[in-house]
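Please look over the sequence and the model first.

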Amino acid sequence: MSQISYGTINDRVVQSMEPPGRPWLVSMVLVLSALSMGVFAWSYQLRQGLEYSGISHPIAWGVYITNFVFWIGIGHAGTLISAVLYLVRAPFRNSIYRASEAMTVFAVMTAGLFPVIHLGRAWFAYWLLPYPNQRELWVNFKSPLLWDVFAISTYMSVSIAFFILGLIPDLAAIRDESKGPKRFFYKMASLGFRGTNHQWLHYMRGYLLFAAIATPLVFSVHSIVSWDFAMASVPGWHSTIFAPYFVAGAIFSGCAMVLTIMIPLRKAFPGFSEIIQVKHLESMGKMIVFTSLIVTYSYAVEFFIAYYSGARYERALFWFRPFGEMRVFFWLMIFCNCLVPLPLFIKKFRTSIPALFIISILVNVGMWLERFNIVGTSLAHEYDPFAWGSYQFEWVEIWITIGSFGWFFMWFFIFVKIMPSIAVAEMKETLPPPFRNKR
Amino acid sequence: MKNNINRRNFFKLSAIGSATVAATGCSPDPVEELIPLLVPPYEYVPGESIHYATTCQECTAACGLVIRTREGRAIKAEGNPENPLNRGRLCAQGQAILQGLYSPSRAKAPTSGKDAARRAVIWADGQKILVDKLVAARDKGGKNILYIGLPRSGTFQTLLQQWLQLFGDGTAIQYDLNPVNSLKTANQLSFGRKEIPHFAMDQAEVLLSFGADFMESWLNPMQLTRSYTQMHSGMKKSKGKFIYVSPYMSLTGSNADEWVSCPSGQEYVIALALSRMLLAEAAHLNPQEKTQLQIYLEGFSIEKTAEMTGISAVQLQALAEAFKRAGKSLAIAGGNSSAGKDATRLQIAVNILNYVAGNIGKTVLFGADYQLGGDSLEQIESAVKAMNEGRYEVVIIENVNPIFTLPAESGFNQALSKVPWVVSFSTENDETSALADQHLPVSHFLESWGDAAPRSGLVSLQQPTMSVVPAFDTLEIGDLLLQTARLTGETPFAAVSYQQYLQESWRSKHSQSASQLDFKQFWKQSLQRGGVYGDFQPAQVTLQGGVYSVKPEISKHADNSLTLLAVNSSLHNANSRGGNKTWLLEIPHPITQVVWDSWIEIHPETAIKLGIRHGELVKVSTQNDSVELAAWLFYGLDRDTVAIPAGLGRKVAFPGYRSSRGRAKFLPVLESAADLKIQYKTVGYNVMNLLSWARDQQSGDFAFAGEKVTLQRTGRKSDLVTLDGQYRQDIKSRKTEDKSGFGDRSQKERGFVQIVSTDGAPSPFEAEHHQLRKRHYTLNRKDKSSFYDPLDENVRQHVQMAGKETPGYHDPYKWEMIIDLDRCTGCSACVVACYAENNIPLVGKNGIAVGREMSWLRIERYIEYNSQTQKPEIYYTPEMCQQCDNAGCEPVCPVYATYQTPDGLNAMIYNRCVGTRYCSNNCAYKQRRFNYRTYQFPSPLHMQLNPAVSVRDKGVMEKCTFCQHRIREMKDIAKDQGRNIYDGEIQTACQQSCPADAITFGNIKDKNSRVRQHKSTTKRGYTQLPEINFQPAITYLKKVNHNNRKA
């Protein structure tokens, strides 16, 4: 840290925002082709109906809802890191929170697509909004899906506002470093922030306030998403543990995704490696192993309650998950979510960048599988044995899933080039103030 | 362009636009008028349905029909309530006649020429060519015309004879493969009457069937099922008992109280052994008869029989004991599984058994003379010989398909090719008409005049229920004969049309009847009622000496080779008329639940011996052919027997939906508009290819049983598709040796089917420490007054709530239903009715394979293991939307697309649905169906669509509506008349079709309604999954078993 000063931070952030080079362009081409796969598949689905998605009777929710919950989960870490860790004054957040917040915003943007994609008649998605209309049609506030509409839109607007708020001083810093039209852009974007004491005073109050507003949302959004399942009468869904279980799972997957993004980012911009230090990543590792334990505990409790309640259908389902025809998903999930993070108890693994990266990828896979397990296997093995089913993945949903990653990374790639992906002002706070005589 | 749109043009264009959209969607078909009649008949009101009574010709049972027509098109076939044969009920195949009427495979117009040279001709030319050929044949010396046609019992036979006379006489064969001639022949030998008697099952207390699958294909399944239900559902004093003795269980056997498996061809040994046991106590026989019978039955001792059949002596004695009811028992035999080379012998044995038990004249009534089945196949045999010898100049084949339905060994195909001029009169383009030199397609029987005399004292009329289907140029069969006769210039017929001819012939029926009406009114009344319904005079018969001429032989199943049975089901039979009807293919076979395919049923022990696993492909070979079929392991067969369904293997017209099935899932499957056109694909396998041209020696019935077959394991997976959610687990299960020989197909004690028993024996289901267990069985007391359980708490509360006097949400109607599982036979007629009534799309095999089936009503088949008898038992339950009061689907819909109506229905608003499918997830009964795509109703099948029900588009959820449109129709009528709906005025489509009367529908708010009465008094009522508290409106009545046993 000793060689880092206010100036170097500015320089390195500005460096990262230089016009893109070949690697960026190549990756962007990859990302855009993934996105176009998704766009093509979705347009085909709009024309053809859900015929070529694996959704079937009785599994009426499949990969789309899995993706939705997956992305919403990812969208958790950013606000958690920026707001909750800000409130609890955890200093390791400063280096990673900007990129995590960006990740949150884009992940929620991705997640928001899926409820629409999964609709049978996506062109009527606006009917889920309670807008006044001539026919006096109204929405059903009893439906958890409607709660979703509000939960997600609230979360998205607050996290975007919070994201923008945090950006203001940094954009001002960039403005000061740039020229020409770029300067004009950042001038507008920084909303006239000049760094006066007066402005700082109000800014810090506002930031604190937003952090306080955003914090409960971190917990409420995923709780409400979990109620999509918990409110239904489906065995394997209808459970009171769902809200905390989903929140823990979301933090788990979100932290893993932060690592998945930060490690390559650090690699791509060598200047960041001193700012995003291994000890910061190590802290994320600790978060992962902690939430992994919570998630593992939740799995165990689900099984125990299924046994202890004596409810026939629950028991059958929790037998079906590990031993039924969809058992592959279950055991992969257990491997990825419960076993893979365990090495993080050892400092050597926690501080090894490759180990962290591999673990974070596997956790992401595991968390996707967890959501698929919840959505898919529960529906596959419900009350009526005659209507039991199995899931077969189909090309449209696979392509749309790939497309969603394309969509997410497209925004992220644009973000790293036009916005400071390190929180400049807050990093500076952690440095010793520069004294003229010492320099 | 600028002046093109004026007011006139605007209206023209908008009219065309809306007509196109309404009539054809976006397809490029020509514009059709919404209302086909420019000057409608006086009775015609758009939007109101008109019903026409007519007669079904799908099989020879000739049930009465009522065809509902809307806007001049037949849209639904229902039974005629006045007809004493079917009493308003209609079987699955009968419902599907509409798919024959609107079949895409129908011949559009007359054609002439063979194969490539075939060209369309106009009717005048076509008739001219035919008459020239016929006259030429007559000039060559006569007696050289062969007419093979549908069996018709009415006036048509007279016309046909006269017509053939005109052309120098010829042979007319009524062609039908159902093996009933053995019954006639045996009755000729036994009682001197060559007829099919009336079997009064309702008068019996014990019914013993030797393979007669009367719920599926034997005689008249509608009549017999009703009769059986009267006996078996305990409507009378006691609940009758039904024992089924056969090598193949079938749907009928699965409904029996006891299924006795016997080796194929050994049924008659059992019948004779039983006769022998009963003979000693048969007091009603005269001494001479007794001695003669004693001598005749000498060899059939219990020990010998037990050794022959593998049925224990104890069991045989129990059978004899059960059958001893002094004239209140009934034995029947027949059906494909017992139609071997000894079919008549079996019938005679059963006649002796009935005679010895004193049933003749009590439960077996002669004098009815049912006109069922066709002529003996010996006639086909001699026709083939004659064709080979070149004795026939012209062969006419009408609406039968011998090329497809006869085994190759019969030589019919080769013989037909030697005939100089082959004419097909068939409505459809089938395998036989493809070989004809000339095809003059006659109209479907729903477009034609005719009559039938299915039983003595009963004549029913057949009238056109609609004009000929648009774009089809066909002629009624009667008119065709009359017109061709007129072309000769020497017609003996005075009648201008067949309608007139028929009317003239009915004048004699008028004079015979005691009718007070003049003929015009009599005719009108008969048309309205569908016929003249009288009773028959029972005739007294005694055992004739002829019976002893058929010497009983005991020959044991020689080697341990396997015997093949070609079996009928309630959906398909060997005549194969349903083999190309997509409803009958989409609806699962009741026992196996297989769709769109043929399969081979193998006993699990045999399969284990041969190393065959459930769902694997098996190579099946006989001396005639070999084929790979999917193995379906099932204990419902004899160990040395395998069964393949008959009637499949036809080319079926179906849209070519693209599927990713069997392809790499990652790569796109793109579908173009061209893919949606009809493609003809063979569905299943024609079992006739495996069979030899073997017949029963005495009667000429085709031998569906008895072909020797070898099975060979291939080890490859089949692509069998079933609706059974447990099938995939079955085929994945590693062990075939578990308790039932295949995977667990039980309901896992989830109480969908609940059972009571007529005595105090413990539950057949394994006790398990669980409170839910209580719902699955109950101990019953022998005391009659407490025969059943106390009224189920759920049902009682439900009725109390519903019956509250305070005006509530549901006034004045709340629709509810009762389904009596003790009556339901699982025949699936209701499922077809539901498909027909509600425009339910068909998704095809690939669709069902990925869970896209759209059926609103399904018959669930569970196989439960009875720990007491160590045997599996089959149960059926019809499952449809339960119209819950506290439904799971309603609160979760974000847009209120589904909601509770004031009538207590879960309404589904298709227009409001956005397709979140949450309702489907939250439905515990899994009754909601989602439109994964826009399904096609390929022309002309789209004309069958019911205009009262929306055709759903992609992305919309749907489900059973309790036939909401029928309720609406009746509500409107009742409102016009200023009253409430009477009980029974509304029948749902499923209820309407049910031959066993298992479904009751009505208004629970009406204190006198049947549904209310029943629900508040029955002690068998229960609701399914009550712990979820959805409060379903459907109450099921428990299945009642004898002694905790069932087949």
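The points below are grouped by topic.

This is a predicted model, in which local features need pLDDT of at least 70, side-chain atom pairs count only at pLDDT 80 or more, and totals for chains, interfaces and linings use all residues. Residues are numbered from 1 along each chain as its sequence is written, and chains are lettered from A and ligands numbered from 1 in the order in which they are written.

**Chain A overall**

- Chain A has 15 helices and zero strands; helices (H or I, at least four residues) and strands (E, at least two) are DSSP runs numbered from the N terminus.
- Chain A is as compact as a globular protein of 439 residues, because its radius of gyration is 23 Å, close to the 22 Å of the globule rule. The radius is taken over C-alpha atoms, and the rule is 2.2 Å times the number of residues to the power 0.38.
- Along the principal axes, the C-alpha atoms of chain A fill a box of roughly 80 × 60 × 40 Å.
- Of the 439 residues in chain A, 52% are buried (20 or more other C-beta atoms within 10 Å of the residue's own; exposed means 12 or fewer, partly exposed in between; C-beta atoms are placed from the backbone).
- Among contacts in chain A between residues at least 6 apart in sequence, 81% join residues at least 24 apart; a contact means that the C-beta atoms, placed from the backbone, lie within 7 Å.

**Side of chain A that touches chain B**

- In chain A, 46 residues are in contact with 53 residues of chain B.
- Helices H5 (144–177), H10 (312–323) and H14 (395–418) of chain A each supply at least two residues of this side, and the largest share, three residues, comes from H5(A).
- By class, this side has 26 nonpolar, twelve polar and eight charged residues (nonpolar: Ala, Val, Leu, Ile, Met, Phe, Trp, Tyr, Cys and Pro; charged: Asp, Glu, Lys and Arg; polar: the others, Gly among them).

**Helices H2 and H14 of chain A**

- The axes of H2(A) (residues 22–48) and H14(A) come within 7 Å and cross at roughly 140°; axes are lines fitted to C-alpha atoms, for helices over the stretch in contact, and angles run from 0 to 180 degrees between N-to-C directions.
- H2(A) is therefore oblique to H14(A) (under 35 degrees is roughly parallel, over 145 roughly antiparallel, 65 to 115 roughly perpendicular, the rest oblique).
- The contact of H2(A) with H14(A) has 20 nonpolar, six polar and no charged residues.

**Thr1017(B)**

- Thr1017(B) lies in helix H30 (residues 1010–1017) of chain B.
- Thr1017(B) counts as exposed because it has 10 C-beta neighbours inside 10 Å.
- Thr1017(B) and Arg796(B) are 221 residues apart in sequence, with 9.2 Å between their C-alpha atoms.

Terms used
Contact = placed C-beta atoms within 7 Å.
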